Amino acid sequence: MMLDVDLQATLGDFKIKAAFQADAGITALFGPSGAGKTSLVNMLAGLQRPSRGRIVVREHVLFDSGEGIDLPPEQRRLGYVFQESRLFPHLSVADNLSYGYALVPKGVALVDYDAVVDLLALQSLLTRRPGTLSGGERQRVAIGRAILAAPRLLLMDEPLANLDAPRRAEILPFIENLRREFDISIVYVSHNMDEIVRLADQLIVMADGTIAAQGPVDKITARLDLRHLTGRWDAGAVLSTTVAEQDDADKLTRLSFPGGDLWLPQLGLAIGSPLRIRVHARDVSLALTPPEQVSVLNVFAGEVIEVGADDGPQVDVLINIGSPQQSQLWARITKRSQRELNIVPGRKVHAMIKAMAVDRGDMG
Amino acid sequence: MLSPLEIEALSLSLKVALWAVACSLPLGIAVAWLLARREFPGKALLDGIVHLPLVLPPVALGYVLLVLFGRTGPLGIWLHDWLGINLVFSWRGAALAAAVMAFPLLVRAVRLSMEAVDRRLETAAQTLGAKPWRVFLTITVPLTAPGILTGLLLSFIRCLGEFGATITFAANVPGETRTLPLALYTALQIPGGEAGATRLALISVALAIIALVASQYLAKQVSKRIGLS
């Protein structure tokens, strides 16, 4: 167990009561603003104090109100990447990077400095001052600085929230590589589902200071009862796939997943590489009979599990596809279609996904 | 160009001011930190005591110093018996008087600058493994540098001009406590001393202007160096 948390805190009128466990890998902490995500992470880091509870990271007890243990932040050895980078303005990038590196206790393995500089492409920035860096560059330095302190666990509090979309897209691959290269576990706070789908293995949903749900990303995003939290407008299902075939003639790639195969515009990935994709509900349409002579490449026979209640002109329908192994898809259809096709739980349907509908930004 | 007596007064003034500022700096930073960063009972009282020299007549303060640090004062006896230091009639006494008078200016400048330091940077340093004293030395103090510099120069200039507390506490001993203002005062006591007084006044003015210009230049340079502007 990488992280075992059970704590309670009262911050003014706001109460936090959270218990969860997380395995190695990237654990996303998701929830609307004001849900208590940042407070929770601050309590892990020792920057805020829970009124009672217990925090254990990789078998190290950092906080235990019962036993009177409350390690100060500098002894917790948790890296923290803040939303506003918090680089030291009076130090060069190189000195910022080595700040925590120089403080790693004896006996703890150092992180390879050059590898971090390479991975985050910081070589050309080393002599510069933080004041001269762009937002994306700052966050890369902040990530490097945190990693070089050889943390037991890396906390990232909406590290991309202050960046525009292109900068975000620029940093995401760095975070993915980080985990691959340095085998580091991350608690990643975000309210952006696309980031989470791309990065995270586990998802913890927070609302009003409590844990609303926790589990693997694809399971949690498929749950209808959490839809008011995980997002209605960008609703979608997450499929964990592997690259199965490259069709160079038609420039297509076949991804296989438990519920079947999915053809997408060609991706420059090796066969066998894992890829997680998010299929938006709005890109899935339904038919009662197997569609013939249509342009859609991806058709899956399935069965309706659940039909969401909604006031608007549309409803979201959860479908099980594939056999014997199954996956779940969301389809967003109009209420009129739902009524005319009599889409109710148990109904056999065919779900269609346009190959072009899934773009690179939805993949991880 | 300058007479031996003027050079004596000028160098004594510089010596007294430099010692006063150098010795009060660590205490000034510590008090500024207490006032800027800590909450404790008696904080308002400490704040008041630090600012007292700004509002008290210097002569009154010199008298308080005399009562405390004079030959028969409680602290004076202690200093004499344990360290063999006499402050009265000594340039050290002049330095103490100047330091006390300039202390509020030093603390004020450092405190304002320290309050402006982003505390989130300090927590960031903590999460990187820095203990509180290291955070203070490597983050808080360097980022307070412009304020420390301003405080140093303001209090240095204040020390150069100190008169009332010095003459009351350390007296007016040629070559020992007769700094520029005291020499100027002495010149005015002698019939026909106006010319000498004018020269001393001009020296004081020149010194003050040099110090002020230097302080502004240095403050700008330091701000640039630590990336604040």
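Reader: Why does A:Leu44 count as buried?

Author: A residue is called buried if 20 or more other C-beta atoms lie within 10 Å of its own, exposed if 12 or fewer, and partly exposed in between, with C-beta atoms placed from the backbone. A:Leu44 has 25 C-beta neighbours inside 10 Å, so it counts as buried. The model is predicted: local features need pLDDT of at least 70, side-chain atom pairs count only at pLDDT 80 or more, and totals for chains, interfaces and linings use all residues. Residues are numbered from 1 along each chain as its sequence is written, and chains are lettered from A and ligands numbered from 1 in the order in which they are written.

Reader: Which element holds A:Leu44, and which residues does A:Leu44 touch?

Author: Helices (H or I, at least four residues) and strands (E, at least two) are DSSP runs, numbered from the N terminus. A:Leu44 sits in helix H1 (residues 37-45) of chain A. Two residues are in contact if their C-beta atoms, placed from the backbone, lie within 7 Å. Leaving out residues up to four places away in sequence, A:Leu44 touches A:Ile55, A:Leu78 and A:Leu155. Take A:Leu78: 34 residues separate it from A:Leu44 in sequence, and the C-alpha to C-alpha distance is 8.2 Å.

Reader: How is chain A divided into domains?

Author: Domain bounds come from an automatic or database domain assignment. Here they give domain 1 (3-230) and domain 2 (236-362). The two centres, taken over C-alpha atoms, are 33 Å apart.

Reader: How do I read strand pairing? Which strand does S1 of chain A join?

Author: Two strands pair if DSSP finds at least two bridges between them. Strand S1 (residues 3-11) of chain A runs antiparallel to strand S2 (residues 14-22) of chain A, with 9 bridges. A:Asp4 has A:Gln21 as its bridge partner in S2(A). The hairpin has 2 residues between the strands, and A:Gly12 takes a positive phi near 65 degrees there.

Reader: Now the sheets. In what order do S16 to S20 of chain A stand?

Author: The order is S16-S20-S17-S18-S19, an open sheet of 5 strands with antiparallel pairing. Strand S16 (284-287) and strand S19 (327-334) of chain A are at the edges, each with a single partner strand, so one side of each has no neighbour in the sheet. From one strand to the next, the twist averages 45 degrees. Axes are lines fitted to C-alpha atoms, for helices over the stretch in contact, and angles run from 0 to 180 degrees between N-to-C directions. Within this sheet, strand S17 (residues 298-307) and strand S18 (residues 314-321) of chain A are antiparallel and share 5 bridges. A:Val307 pairs with A:Val317 of S18(A).

Reader: What is the secondary structure of chain B?

Author: Chain B has 10 helices and 0 strands. Its C-alpha trace spans about 70 × 40 × 30 Å along its principal axes. Of its 229 residues, 40% are buried. Take contacts between residues at least 6 apart in sequence: 74% join residues at least 24 apart.

Reader: Why does helix H4 of chain B lie largely in the open?

Author: Helix H4 (residues 74-83) of chain B has 10 residues and the number buried is 1, so it lies largely in the open. B:Gly84 follows H4(B), with a positive phi near 65 degrees.

Reader: How do I read a helix pair?

Author: Two packed helices are described by the angle between their axes and the distance between the axes. Helix H1 (residues 4-37) and helix H10 (residues 194-225) of chain B pack at about 35 degrees, with axes 11 Å apart. The residues in contact are B:Glu6, B:Ala9 and B:Leu10 of H1(B) with B:Arg199, B:Leu200 and B:Ile203 of H10(B).

Reader: Where does chain A touch chain B? Which elements give two or more residues?

Author: 21 residues of chain A are in contact with 17 residues of chain B. On the chain A side, helix H2 (73-76), strand S7 (78-81) and helix H3 (93-101) each give two or more residues.
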